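Subject: Structure for you to look at

Hello,

Here is the structure I promised. Please open it next to this message and follow along; my notes come after it.

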Amino acid sequence: MTTSPDWTRRLAPYKQASLGRSVFELTLTAAPLCALWGLGWMAFKAGWWGAALLLTVPAAVFLVRLFMIQHDCGHGAFFEAKAANEWVGRAIGVLTLTPYDYWRRTHAIHHATSGNLDRRGLGVIEMLTVEEYLALPPIRRLGYRLYRNPLVMFGLGPAFVFFIQQRIPVGLMREGWRPWVSTLGNSLAALVGCALLVWLVGLAPVLIINALTLLIAATIGVWLFFVQHQFEGVAWARHSDWQREDAALRGSSHYDLPPVLRWLTANIGIHHVHHLSSRIPFYRLTEVLSDHPELKGVSRIGLRESLRCIPLALWDEAGQRLVSFGELRRRARLTA
């Protein structure tokens, strides 16, 4: 598809947020999360540990949805009022362990550079080109392979990012006091909240129910972010050839999920439209697809196709596509 030069104008009407709808979506997300946590604590205290552990799964999904609301706040999309976006975003950040102001800054960098090979940096999953990878010494190749290993990417990685990395303003340490206030303030608020919960329900329920919920939610979040920009058919370009609309449509996926999962993930799968216009509230993204059906098939992947994205780890500039380490080995054997 050839990108249209007037997408900014065509999508402008969808940027209008509805206060009533936003409050409704926030309530419809936060209330089930609190209820599931409450049921989990009661089940744990009653000795129904299996039930308590099972409840962490739906709780994690609602926590992911709450993060998506924080995400909209970070783009100034969830409420019309700037202060409402900021303070709701910061409050949610205590639950998601995501320092709102720091994350908003790094995420803005991601939007400004997504799909640009010459501006890879903050707020992204690290990706090397084939040439860059082959130029590395063996020990650094091993490090990159470990980083891209699914057990690390979707196992250790999410825990590291949310529990450790986001405790300090990585990448923004020299940009004044604001990133530090954001990260340290978030950590302090989370510690106070945890202490209050421990006082109310006990240490073991909080560690098992809440910590496990956070870990599952972090894993789901990393998976969603991965398939939004690491998929078969994705486009990357050098800065001289990079264009914002083209990068949005061809560098971000339309993760076409079943309706229930689409609702639970707050339409974040309609990511190509989100990158076209990040000020559109998540609950209006489906309107865009309905009114502009030509966008439905752009960069589309389904659940089954998304699983094939897992091995993709290197950008082949010659072939203009992502390849796996296995394919790179096969090429080397054929060349030899």
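What share of the contacts in the chain with a separation of 6 or more comes from residues 24 or more positions apart? The figure is 71%. Please keep in mind that this is a predicted model.

**The whole chain**

The chain has 16 helices and five strands. Its C-alpha trace spans about 65 × 50 × 45 Å along the principal axes. The accessible surface comes to about 16,400 Å². Carbon and sulfur atoms make up 67% of that surface.

**Two helix pairs**

Two packed helices are described by the angle between their axes and the distance between the axes. I looked at two pairs that way.

Start with H7 (residues 138-148) and H8 (residues 150-163). Their axes come within 4 Å and cross at roughly 60°. H7 is therefore oblique to H8. On the H7 side, the contact involves Leu-146, Tyr-147 and Arg-148. On the H8 side, the residues are Pro-150, Val-152 and Met-153. By class, this contact has five nonpolar residues, one charged residue and no polar ones.

Next, H5 (residues 100-113) and H9 (residues 178-201). Here the axes are 7 Å apart, and the angle is about 125°. That makes H5 oblique to H9. H5 contributes Tyr-100, Asp-101 and Tyr-102 to the contact. H9 contributes Pro-179, Ser-182 and Thr-183. The classes here are three nonpolar, two polar and one charged.

**Met-153**

Is Met-153 buried or exposed? Its relative accessible area is 6%, so it counts as buried. Leaving out residues up to four places away in sequence, Met-153 touches Ile-125, Tyr-147, Arg-148, Pro-158, Val-222 and Phe-226. Take Ile-125 from that list. Met-153 and Ile-125 are 28 residues apart in sequence, and their C-alpha atoms are 9.2 Å apart in space.

**Cys-309**

Cys-309 sits in the loop between helix H15 (303-307) and E4. Its relative accessibility is 1%, so Cys-309 counts as buried. Which residues is Cys-309 in contact with, leaving aside neighbours within four places in sequence? They are Phe-226, Gln-230, Phe-231, Glu-232 and Ile-301. Phe-226 is also touched by Met-153. Gln-230 is 79 residues from Cys-309 in sequence, yet 6.6 Å away in space, C-alpha to C-alpha.

**Helix H16 and Leu-328**

Now go to helix H16 (residues 325-335). Its buried residues are Phe-325, Gly-326, Glu-327 and Leu-328. They pack against helix H6 (130-134), H7, strand E4 (312-316) and strand E5 (321-324).

Leu-328 has a relative accessible area of 12% and is buried. Beyond residues up to four places away in sequence, Leu-328 touches Val-130, Tyr-133, Leu-134 and Leu-314. For Leu-328 and His-275, the gap along the chain is 53 residues. Their C-alpha atoms are separated by 31 Å.

Most residues other than glycine have a negative phi. Two residues here are worth a check on that point.

Ala-266 has a positive phi of about 55° although it is not a glycine. Where is Ala-266 placed? It is in the loop between helix H12 (259-264) and helix H13 (271-276). At 3% relative accessibility, Ala-266 counts as buried.

Ser-299 is the other one. Its phi is near 55°, a positive value in a residue other than glycine. Ser-299 is found in the loop between helix H14 (285-291) and strand E3 (300-301). Ser-299 counts as buried too, at 16% relative accessibility. The cut-off for buried is under 20% relative accessible area.

Best wishes

How values were computed: Residues are numbered from 1 along each chain as its sequence is written. This is a predicted model: local features need pLDDT of at least 70, side-chain atom pairs count only at pLDDT 80 or more; totals for chains, interfaces and linings use all residues. Side-chain values use heavy atoms; hydrogens and water are left out. Axes are lines fitted to C-alpha atoms, for helices over the stretch in contact, and angles run from 0 to 180 degrees between N-to-C directions. Helices (H or I, at least four residues) and strands (E, at least two) are DSSP runs, numbered from the N terminus. Angles under 35 degrees count as roughly parallel, over 145 as roughly antiparallel, 65 to 115 as roughly perpendicular and the rest as oblique. Contact means heavy atoms within 4.5 Å. Ala, Val, Leu, Ile, Met, Phe, Trp, Tyr, Cys and Pro count as nonpolar, Asp, Glu, Lys and Arg as charged, and the others, Gly among them, as polar. Accessible areas come from the Shrake-Rupley method with a 1.4 Å probe; for residues, only the protein chains shown count as cover. Buried means under 20% relative accessible area, exposed over 50%, partly exposed in between (1.4 Å probe, protein chains only).
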